[in-house]
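Subject: Handover of a structure and notes on it

Dear colleague,

Please find the sequence and structure below. I would ask you to keep them open while you read the notes that come after.

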Amino acid sequence: MVHKFILRRLLMMIPVLLGVVLVTFTLLYISPGCPARNRLGEQATPEAIIQLRAEMGLEDPFIVQFGRYIAGVVTLDFGNSFRTDQPFFDEILIRFPTTLHLAGMAVVLSLLIGIPLGIISAMKQYSWADAGATFLGLLFVSIPNFWLGMILLLIFAVELGVLPSLGWSAGVGTEFSNWHHWILPTITIGASAAAIIMRMTRSSMLEVVRQDYIRTARAKGQTPFKIIFKHSLKNALIPVTTVAGLQFGFLLGGAILTETIFSINGVGRFMMQAILNRDSPVVLGVALLLAFTFSIVNLLVDILYAFIDPRIRSQYR
Amino acid sequence: MTNVNPQKQMSKEAMAPEKFAGTKRLDRFMEVWRRFRRNPLAVAGLVMILLMGVLAISADWIAPGTEFDPGYDIQNLPARLVRPGDTFNTGFLDDYGNPIYESVGIFGTDHLGRDMLGRIAHGSRITLLVAFLVVTISMTLGVTLGAIAGFYGGVSDNIIMRVIDVILAMPTILLAITIAAALDPGLHTIIIAVGVGAIPGYARITRAQVLTLRDQEFVEAARSVGANDFRLIRKHILPNCMAPIIVEATMGLAGAIASAAALSFLGIGLAPPTPEWGAMLADGRRFMLAGEWHMTVFPGVAIAMIIFSLNMMGDGLRDAFDPRLRSAGFSKKRFKRQLQAIEAKKAGAKEV
Amino acid sequence: MSEYLLDVKNLSIYFFIQEGTVHAVNDLTFTLKPGETIGLVGETGAGKTTTALGIMSLVQSPPGMVVDGQIVFEGRDLLKLSEAEMRKVRGSKISMIFQDPMTSLNPVIPVGDQIAEVLLLHENLSAADARIKATEMLTKVGIRPERAKEYPHQFSGGMRQRVGIAIALACNPLLLIADEPTTALDVTIQAQVLELMKALKVEFNTSLIMITHDLGIVAEICDKVAIMYAGSAVETADKYELFRNPKHPYTIGLLNSIPDIEKDEESLKPIKGLMPDPMNLPGGCPFHPRCDHATSRCAEVVPPRVEVAKGHFVKCLLFEEGGA
């Protein structure tokens with residue numbers, strides 16, 4: 001049954017997430033720099049630093065620290081930020097919706113642009129429109145999104161002055177009335193995803209329209225419109241779904257750069273600051289959160305598969 | 001899992017085992033090259049990459065330096081933030097007492113008066129070096145792990161693939177940032193940070209290929225004449241799964257360049273005054289809102305251009321390795337000529 | 001109007017690919033009367049499938065193109081019809097059964113809906129009526145009606161080909177084109193499907209173009225035969241006439257290469273050489289490099305179509321008017 005499949009997949013996520021925590025934890029453990037010194041300042045006496053390190057549990061052996069963190073995670077206690085001393089959970093609750101909103105909008109944008117363009121490009125194979133779309137697709141795959149963000153800022157905020165240079169910094173929310181704040185970040189983060197989805201849709205459509213069952217549909221006297229939307233699209237979207245799911249993960253990662261450029265108070269910028277401050281609980285928490293989100297999205301994609309493809313649906317039964 | 005299965009993208013033809021090495025392999029290489037050459041985008045990519053190589057070689061000629069003053073760090077403070085085409089006041093007066101103005105390099109100068117063109121030229125060396133090393137190392141590790149996992153299966157396969165799942169569960173850039181932050185800054189750190197995230201791609205491709213190849217007759221035949229596992233993998237299996245690995249490596253060069261630039265942009269890559277393109281963008285960002293567009297535009301164009309070239313080349317290689325994907329290229333010219341001939345005949349028939 | 005349901009005249013179909021021009025069908029001529037069955041027989045690559053797709057106007061274009069000829073069906077040249085007019089013909093007046101049943105059905109649409117689709121397109125039916133008629137068609141081809149909701153992957157190859165037949169016959173077409181409908185099936189299933197086609201052909205009074213490389217199938221189901229070589233019908237005749245009195249050296253070679261239980265094994269004579277590359281056909285008669293009777297003229301002159309007996313046409317210089 002489907003429940004069983006979902007449950008099994010959720011259980012399979014546990015070792016992977018444990019691995020993510022282990023990797024991140026080890027990296028932080030060997031990182032240079034001392035959080036206690038960071039908090040106390042350069043003038044702190046060695047005794048004070050050692051005392052604070054002991055209080056923070058940094059003097060314990062690796063395995064103890066790791067075990068303590070895992071034990072905390074199980075009870076949803078992700079520790080307090082070294083810098084603000086606020087619980088990680090509270091800090092992330094402010095920021096995660098922002099990042100999710102940004103990544104979600106970017107995915108929607110990339111699907112809305114990528115899928116139709118991919119279909120048109122495939123349908124008009126060998127035409128100038130196809131050549132142009134293919135070229136632009138490859139171009140936007142190649143432009144690093146942080147540079148795209150800077151160029152957009154240069155054009156629309158600096159030269160033309162029509163859009164603001166800041167995203168959701170303090171006071172600017174994700175409400176629709178603030179659309180002019182989030183239009184540039186969304187394009188920045190979504191452009192390459194749109195290009196990747198367009199390329200995937202195109203090649204997938206080209207593959208599908210050469211299939212025998214499309215010829216069967218044409219032999220029935222079916223119209224080109226219905227051949228595309230009834231017979232081809234559903235089959236072509238199966239691989240596109242995978243890519244869209246993977247893109248969501250890349251978008252979450254890309255948020256680190258985009259949020260930095262647009263000063264958006266989201267998870268990515270939070271993570272970046274935490275890394276520079278050696279704020280281990282925050283780095284760990286964000287890594288875990290992003291890996292968890294990514295795994296859940298992949299699971300959703302697999303479930304979506306079953307809706308699209310009856311062959312996979314019958315495997316789950 | 002949910003990754004796109006590389007096998008699906010390569011047709012049987014591309015995976016067809018070469019049972020006779022040597023001349024046949026050369027023939028096949030020529031065949032691939034012939035198809036590659038016919039693809040204008042791919043050739044354009046290759047040419048642009050070669051030009052980038054020329055730029056890297058001629059960096060010392062474009063911006064010569066000394067032992068203590070490397071070519072990329074020659075500061076000229078009066079010439080700070082000069083945009084391309086503008087001149088700057090040298091502070092000197094000519095014989096008539098008028099200030100002397102001088103022009104700067106075609107890309108302008110940065111906030112320390114350093115020539116942007118010279119820095120970009122020197123930066124191309126770092127970019128190409130990092131990309132090459134990242135791909136070489138991650139490809140070696142990934143292919144080895146994938147081959148072991150695919151060839152032996154069982155426990156080793158399980159362990160390797162679970163580790164790979166862990167790496168894949170973290171967004172690449174996040175992994176790179178965490179690694180870069182944990183190690184001392186430097187070239188080796190960037191290479192490790194970027195390289196680790198690239199291993200899973202090679203491992204998965206190789207594993208999938210090895211799985212399909214290991215039970216084929218020619219491998220069995222080699223085994224029956226006493227080839228050991230290492231020789232079997234190295235001589236008989238890996239040469240037959242090179243096509244998708246080469247494509248992945250080409251795209252991997254592009255990915256490595258993008259990731260390395262992102263790390264430097266975030267300030268956890270190479271330390272200043274290294275002319276890493278991403279680090280130059282980080283400088284550019286500081287002066288961007290003041291309208292100093294040239295510091296942002298040129299390094300970015302350089303990054304985008306080389307990534308674009310590599311991707312064009314990668315696409316071209318994939319098509320060249322697997323002609324079926326291109327659906328037997330269609331000749332527009334002859335098709336149109338025929339169409340015109342038919343229409344002309346029809347028109348002629350009507351007149352009569 | 002002529003006595004023929006289908007009159008294919010001088011049909012040529014080329015594919016323009018980068019490597020060269022593929023001459024898939026060359027100057028092909030044959031006719032078919034209402035209710036009649038013709039077998040298009042030839043090796044792989046002889047242009048049989050391209051001919052079928054040409055009649056349906058389904059040749060992938062680009063790179064393919066019908067460069068010459070006429071396909072007169074019910075007195076109209078199908079090649080002159082617009083795409084919209086042609087869509088009304090496909091599926092209703094001419095329909096097609098494809099070679100590989102494993103790939104010719106859409107994997108994400110239930111089989112019942114795939115049959116109902118063609119009914120909705122051509123018959124004035126409501127969705128509910130179309131569904132009822134679709135289950136009736138399923139019953140006719142020997143599939144339980146409750147399986148209409150199932151997807152193609154839940155059926156075996158033979159069952160899927162039955163679904164293909166149901167789709168093709170749903171609108172009671174005048175002409176059915178079957179492109180090697182049994183090649184991909186097991187031998188026992190082949191016989192069943194062939195029997196089914198034969199029975200339904202009589203029931204629906206449909207003309208049939210049977211594309212095959214199997215002369216056994218021809219003997220069983222066809223009235224007349226066109227032997228195809230390098231995109232052209234080198235010999236066309238009534239089935240009995242052709243088997244008893246083959247003229248073209250290729251036909252003779254083809255008949256000789258079939259093992260006959262009653263004859264001595266040693267008389268098996270395979271045709272020497274290989275089918276020519278359709279991108280690079282030899283000049284003159286395309287068969288001359290493999291022909292034992294070839295003369296120097298054969299390499300220069302394209303043989304005309306000659307009627308050697310009533311309804312028996314041969315394209316070979318040996319039978320040229322006034323010649324041998």
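The notes below go through the chains and their contacts.

The structure is a predicted model, in which local features need pLDDT of at least 70, side-chain atom pairs count only at pLDDT 80 or more, and totals for chains, interfaces and linings use all residues. Residues are numbered from 1 along each chain as its sequence is written, while chains are lettered from A and ligands numbered from 1 in the order in which they are written.

**Chain A and its domains**

Chain A is assigned domain 1 (1–83 + 277–317) and domain 2 (98–276); such bounds come from an automatic or database domain assignment. The centres of the two domains of chain A, taken over C-alpha atoms, are 29 Å apart. Contact between them involves 15 residues of domain 1 and 16 residues of domain 2, where two residues are in contact if their C-beta atoms, placed from the backbone, lie within 7 Å. On the domain 1 side there are 10 nonpolar, 3 polar and 2 charged residues. Here Ala, Val, Leu, Ile, Met, Phe, Trp, Tyr, Cys and Pro count as nonpolar, Asp, Glu, Lys and Arg as charged, and the others, Gly among them, as polar.

**Where chain B meets its neighbours**

Chain A places 49 residues in contact with 40 residues of chain B. Which helix of chain A gives the most to this side? It is H10(A), with 12 residues. Helices are DSSP runs of H or I with at least four residues, strands are runs of E with at least two, and both are numbered from the N terminus. The side of chain A that touches chain B holds 34 nonpolar, 13 polar and 2 charged residues.

The contact between chains C and B takes 8 residues from chain C and 9 residues from chain B. On the chain C side, strands S1 (6–17) and S4 (64–73) each supply at least two residues. That side has 6 nonpolar, 2 polar and no charged residues.

**A hairpin in chain B**

Strands S1 (87–93) and S2 (99–103) of chain B pair in the antiparallel sense over 4 bridges; two strands pair if DSSP finds at least two bridges between them. Leu93(B) stands opposite Pro99(B). The two strands form a hairpin with 5 residues between them, and Gly97(B) in the turn has a positive phi of about 85°.

**Chain C**

Chain C contains 9 helices and 12 strands. Its C-alpha trace spans about 65 × 50 × 40 Å along the principal axes. Of its 324 residues, 47% count as buried. A residue is buried if 20 or more other C-beta atoms lie within 10 Å of its own, exposed if 12 or fewer, and partly exposed in between, with C-beta atoms placed from the backbone.

Four strands of chain C form an open antiparallel sheet in the order S2-S1-S4-S5. Its edge strands are S2 (20–32) and S5 (76–77), each pairing on one side only. S1(C) and S2(C) pair over 9 bridges, and Val8(C) stands opposite Phe30(C).

Is helix H3 (111–122) of chain C mostly covered or mostly open? H3(C) is mostly covered, as 10 of its 12 residues are buried. Among them are Val111(C), Ile115(C) and Leu119(C). The buried residues of H3(C) pack against helices H4 (127–140) and H5 (157–169) of chain C.

Yours sincerely
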